[in-house]
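Hi everyone, thanks for making time this morning.

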Amino acid sequence: TNRLIKEKSPYLLQHAHNPVDWYPWGQEAFDKAKKENKLIFLSVGYSTCHWCHVMEEESFKNKEIGEIMNKNFVCIKVDREERPDVDKVYMTFVQATSGGGGWPMSVWLTPDLKPFAGGTYFPPEDGVHRVGFRTVLLRIAEQWKENKDALLENSQKILEALRHMSEVHVQGQESPPPSKEVMATCFRQLSSSYDEDYGGFSRSPKFPTPVNLNFLFTYWALHRTTPEGCRALQMALHTLKMMAHGGIHDHVGQGFHRYSTDQQWHVPHFEKMLYDQGQLAAVYSRAFQISGDEFFADVAQDILLYVSRDLSDQAGGFYSAEDADSYPTTASEEKREGAFCVWTAEEIRALLPDPVEGAAEGTTLGDVFMHHYGVKETGNVDPMKDPHQELKGKNVLIAQCSPELTAERFRLEPGRLDVLLQEGRHRLSTARAQRPRPHLDTKMLSAWNGLMISGFAQAGLALGKQEYVSRAAQAAAFLRRHLFDPTSGRLLRSCYRGKDNTVEQSTVPIQGFLQDYVFVIQALFDLYEASLEQSWLEWALELQHMQDKLFWDPSGFAYFSSEAGDPSLLLRLKDDQDGAEPTANSVAVTNLLRAACYSSHTEWVEKAGQILAAFSERLRKIPISLPEMARATAVFHHTLKQVVICGDPQGEDTKEMLRCVHSVFSPNKVLMLADGDSTGFLYRQLPFLASLERKDGKATAYVCSNFTCSLPVTSLQELQGMLSP
């Protein structure tokens, strides 16, 4: 074994038995490189990354390659989910120099950590189109011997260019860009990249991109009587329907895979990530809130069932991910992508042989199931989407017909068809439970737990399910217990499932990054609105103050992704793209506006405007790269409405009013309950609450803006009218 055996990260532990003398990122490795005047080879990945596994099998387990690495380099392994700051610095370099990026990321650094060469996956040996890893290692080692001074000089120039290129700061006296223009441009850019047939915003590969869907919902809410508003809603709902029907959605085991390799959402990359489940649960809940269509509520519940069953730690936290690769059978020697999730037609026939009453003579449950889910005798995966032939003869289930068409084809009542398909899925699920499971990454991250808490809280609120709100509160209590240091008031990045299912921490805990603060604060606001438990609000505001202290850039505005003072980090960056997760500054804008509504800190509104000003140029030109921040420009511009319900939390009239507020999708509101307890946290923060009274002793609503309130309202109809933007 090598040093990685002492680490907690599942990804680092996967490499603990390589013949490579791996070091974790840290002073020991840096000192060795300086002392021996050796280059550093930095390899960054994560435990559910398919090509990371491939490169390990081909190169890092190869003794000869291991010898070349150990002789010429100090080799460092980083889990990008543990250290997004390190990943981001070197990914910025790889993208700038090669035009692309991804994982595994392979970067060569000088002994003082400056990058000078890099790429992603390398095959072990030279091929027709690609130079092999062995050759690259030998060439770079040779360069260091022959041209050391030139390499060092070059690495300094590269670093200066990166620093200049990656700066995000306010230009002069710039003010926030006009919301109307930003929203219109973003809508236009999304509309022109929209796939009319299958939904989504690219041809292939196709990603779920919840940030785009949230933008469209807000755009619709602010333009619901216009043709553009209607199109925005149609684009979002159609995309969500097509995703739920597709193979990217696990019809047997619930939850969503990472992304689709094709245009039809059919053949996915099979890993399942916590951040996707959290955001998608929230988006499907909102789709139900807006449309009233139970289909979307069912999908949200399906995601939360998967997370509760397969990604939940008994102490209350959520695990990070499930891998794409697994052993097809207990006797298999080699893992295959998707093995846990795919089926042959023969397997399905054997599991579902029952004759179907009322259908044509000889029709079996298997016939109905295979027709509905597009199963073919020879497999339904396009060979073009299966370069390694891992899915040959296999089927990825995709609902290709509407239930009505399948029912008609077999002359069944729609209700009867539902029962049959459910029975089929249940039997496949039981059979699948006998297969070896994919690797589970049991690392628990503050940021992703935050996204998942928001998913449970928002689903609980929109679907009226108290058990989801309770699960969100259990996870928030877990964060407070295991990922927060009460003495310093700071969040930690990660903790781990240890032996005997205990929760463990690294010897030197990793401090929280901006992303951790932002997603946890958002989660606490969402949880307060769903539970009305004021302690979550109090903690959110404390964390917001800490975030300002650790990450705010007072001269260029907006927040840095990591804190100052780490000499091993060459750049302090500000992410400028909403991707699989929204970028932290985008969510911070809305957090600051919400925080200002729950306190008398008007400087938070000013900070929100300063973030928008810092990103102004990007928001005007390519808002499609920052849809969550574009959405936040509208929230900033329209001023949040404070919806105050004065009433007894246990009273039926109060509960009815709260249900009414929860049933309306209104992107520019915050909810608070004034329960009459003048010693409580909210009354201490907001003195104006003391002047609001219950009318005739009944639960009464006030809609306030900038602490000025409407006339009191006791009728649900009037309240509903006031909530629409």
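The structure holds 2 cavities of 30 Å³ or more. A cavity here, on a 1 Å grid over the protein atoms alone, is a set of points where a 1.4 Å probe fits but cannot get out, and lining residues have an atom within 4 Å of a point. Grid points are joined across faces, edges and corners, and a volume is the space filled by probe spheres set on the points.

Before I go on, please keep in mind that this is a predicted model: local features need pLDDT of at least 70, side-chain atom pairs count only at pLDDT 80 or more, and totals for chains, interfaces and linings use all residues. Residues are numbered from 1 along each chain as its sequence is written, and side-chain values use heavy atoms, with hydrogens and water left out.

So, the largest cavity: its volume is about 710 Å³. It has 36 lining residues, and the closest to its centre are Arg-286, Gln-458, Asp-526, Arg-594 and Arg-631. Which element supplies the largest share of that lining? That is α11, with 7 residues. Other elements that each supply at least two residues include α17 (446-463), α19 (514-531), α21 (584-597) and the strand β19 (669-674). Helices here are DSSP runs (H or I, at least four residues) and so are strands (E, at least two), numbered from the N terminus. By class, the lining of the largest cavity divides into 16 nonpolar, 13 polar and 7 charged residues. For those classes, Ala, Val, Leu, Ile, Met, Phe, Trp, Tyr, Cys and Pro count as nonpolar, Asp, Glu, Lys and Arg as charged, and the others, Gly among them, as polar. The lining also draws at least three residues from each of domain 2 (205-441) and domain 3 (639-724), with bounds that come from an automatic or database domain assignment.

The second largest cavity has a volume of about 90 Å³. Of its 13 lining residues, Asp-250, His-251, Cys-341, Val-396 and Leu-397 are the closest to the centre. This lining has 7 nonpolar, 4 polar and 2 charged residues.

Now to a pocket, which is an open set with protein on both sides within 12 Å along at least five of seven lines. The second largest pocket has a volume of about 1,100 Å³. It is lined by 34 residues, and nearest its centre lie Ala-244, His-245, His-251, Phe-295 and Ala-399. By class we have 14 nonpolar, 12 polar and 8 charged.

While we're at α16, have a look at Pro-414, which is found in that helix (residues 414-432). Is Pro-414 buried or partly exposed? It is partly exposed, with a relative accessible area of 46%; buried means under 20%, exposed over 50%, and partly exposed in between (1.4 Å probe, protein chains only).

On to the rings. Rings of Phe, Tyr and Trp (its six-membered ring) pair if their centres lie within 6.5 Å; planes under 30 degrees apart count as stacked, over 60 as edge-to-face and the rest as tilted. By this rule the count comes to 31 aromatic pairs. Take Trp-22 and Phe-60: the ring centres are 5.0 Å apart with planes at 90 degrees, so this pair is edge-to-face. It links distant parts of the chain, with Trp-22 in strand β1 (residues 22-24) and Phe-60 in helix α3 (residues 50-60), 38 residues apart. Trp-22 is buried at 0% relative accessibility, and Phe-60 is buried at 1%.

For a stacked pair, look at Phe-187 and Tyr-219, which are stacked because their centres are 4.5 Å apart and their planes at 5 degrees. Phe-187 lies in helix α8 (residues 179-193) and Tyr-219 in helix α9 (residues 210-222), so the pair ties together parts 32 residues apart in sequence. Phe-187 is buried at 7%, and Tyr-219 is buried at 6%.

Finally, Trp-22, Phe-41, Phe-60, Trp-108, Phe-122 and Phe-133 form one aromatic cluster.
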